[in-house]
Amino acid sequence: MDSVKDSHSSESEVQQGTPTRTDSPDVDINSVLHLLISRSGVQQKIHIKDVNKTEKLIEKIISTGPDSLQVIADFDATLSCYHSAGKKCETSYGVIQNSRLTPEDVKVRGAELFKTYHPIEIDSSISAEEKALKMVEWYERKHDNYVTSSKKLKSADITEMVKEAHLNLRDGCGKVLDKLQSANIPTLVFSAGSGNVVEEVLRMQKKLHPNTKVISNFMEFDDETTELARFRKPVVHPGNKNEAALHGDNAKYFEELKNRNNVILLGDTIGDTNMASGVSNPDAILKIGYLNFNFELQLESFKDAFDIVLVDDQTVYFVDALLDLVLKPSL
C-alpha cells in the first residue's frame with residue numbers, strides 16, 4: 001500500500017537500526033536458497049518462516065525458466081528506497097504534495113485530508129469493506145483537491161517535481177529492470193500512488209521499458225493548455241491493489257499472461273500480497289516483502305504474509321541473484 005508511506009510519517013523511523021537476528025534461516029548450505037542468500041549478501045537481513053516451502057517455490061521458478069515468469073511490484077518503498085542518505089525518501093504522491101510547484105492551498109488541504117483518513121487506513125478494528133469505501137472517498141477528495149485548485153498543475157511540472165525530489169530507486173533496481181526487459185519478462189508496477197510520478201522516475205532513469213506496465217492513479221492534462229483536467233478512473237487505493245483495480249485497458253492484463261504461471265511479487269505492506277490475485281492459473285508465487293520500519297512490531301505478521309522478508313534492505317540484490325539463476329540456471 002503506497003499511501004501508508006506518506007511524507008507525514010515520522011522521521012524517527014529512519015533512525016532505527018536493523019534488529020539483531022534471532023531466527024537466522026535454517027538453510028541447507030547446498031541449497032539454491034543458500035546460494036542466493038550468499039550471492040546477494042542479505043544474510044543479516046533475511047527472515048523466512050517456512051524454508052522448505054520457499055525453496056520449492058524458488059526451484060520451480062528457476063526450473064521453468066523466464067518464459068513462465070512475470071513480475072509484480074509495488075513502487076513506493078519497494079522499487080524505490082524507503083530511506084537514502086539518512087533521510088526518509090518521498091513517496092510518489094509526496095513528491096507532488098511537497099513540491100514548490102504545488103499551490104499552498106492544495107498542500108494545506110492535502111495535509112488536512114491525511115489527518116482525517118490516515119488513522120482510518122491504519123485502524124485494524126475497521127472492516128476491510130468499510131475501510132475500502134473510506135479509501136476511495138479519501139483518494140477522490142485528494143484528487144479533487146488538485147483539480148479544483150485555482151492554480152492548475154501542468155504536465156511539465158511533473159518532470160520538474162521529480163528532478164527536485166528525494167526519491168531514489170533501490171540499489172540494483174535499474175539492473176534488475178534491464179534484465180527483465182532483455183528477457184522479455186512482463187513486469188507490472190502496481191501502485192496506489194501517482195502513476196505520473198512513477199513513470200517519470202522510470203523514464204528519467206531510462207528504465208520505463210516496453211515490458212513494463214504501470215497501473216496506478218494518473219493525472220490527465222488538457223491537450224491545449226497542458227493543465228490538469230482530471231484523474232483517470234477507477235481510483236487505485238491500498239484496499240484494491242488486486243484484480244478489482246483492473247478495468248478498461250487494464251482488464252485483460254493477466255488474461256494475456258495466462259501461460260506465465262510463476263510470479264515474483266515485491267511489496268512492502270501486507271496488503272501488497274494481494275497484487276497477484278488476478279493471475280490466471282498461478283503455479284508458483286514467490287512473495288518478497290520489504291519491512292522498512294517498526295521492525296519488531298511487524299516482523300511476525302510479515303513472515304506470515306511473505307515467503308521472504310528483507311528487513312531494512314535498501315537493495316534488490318536478492319531479486320537480481322534470483323533472476324541470474326532463472327536466466328542462466330547453470331551459474
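Over the face of which residue does K142 lie? In this predicted model, in which residues are numbered from 1 along each chain as its sequence is written, local features need pLDDT of at least 70, side-chain atom pairs count only at pLDDT 80 or more, and totals for chains, interfaces and linings use all residues. Side-chain values use heavy atoms, with hydrogens and water left out.

K142 lies over the face of Y93, at 4.1 Å from the ring centre. The charged end of K142 also sits over the ring of W138, 4.9 Å from its centre. A charge is taken to sit over a ring if NZ of Lys or CZ of Arg is within 6 Å of the ring centre and within 35 degrees of the ring normal. Y93 and W138 belong to a cluster linked by ring pairs, together with F114, Y117 and Y139.

Eight aromatic pairs are found in a search of the whole structure. Rings of Phe, Tyr and Trp (its six-membered ring) pair if their centres lie within 6.5 Å; planes under 30 degrees apart count as stacked, over 60 as edge-to-face and the rest as tilted. The pair of Y82 and F293 is stacked, because the ring centres are 5.6 Å apart and the planes stand at 25°. This pair links distant parts of the chain, 211 residues apart: Y82 is in the loop between strand 2 (69-73) and strand 3 (83-84), and F293 is in the loop between strand 10 (284-291) and helix 9 (295-305). Helices (H or I, at least four residues) and strands (E, at least two) are DSSP runs, numbered from the N terminus.

Y82 counts as buried at 2% relative accessibility, and F293 counts as buried at 16%. Buried means under 20% relative accessible area, exposed over 50%, and partly exposed in between (1.4 Å probe, protein chains only).
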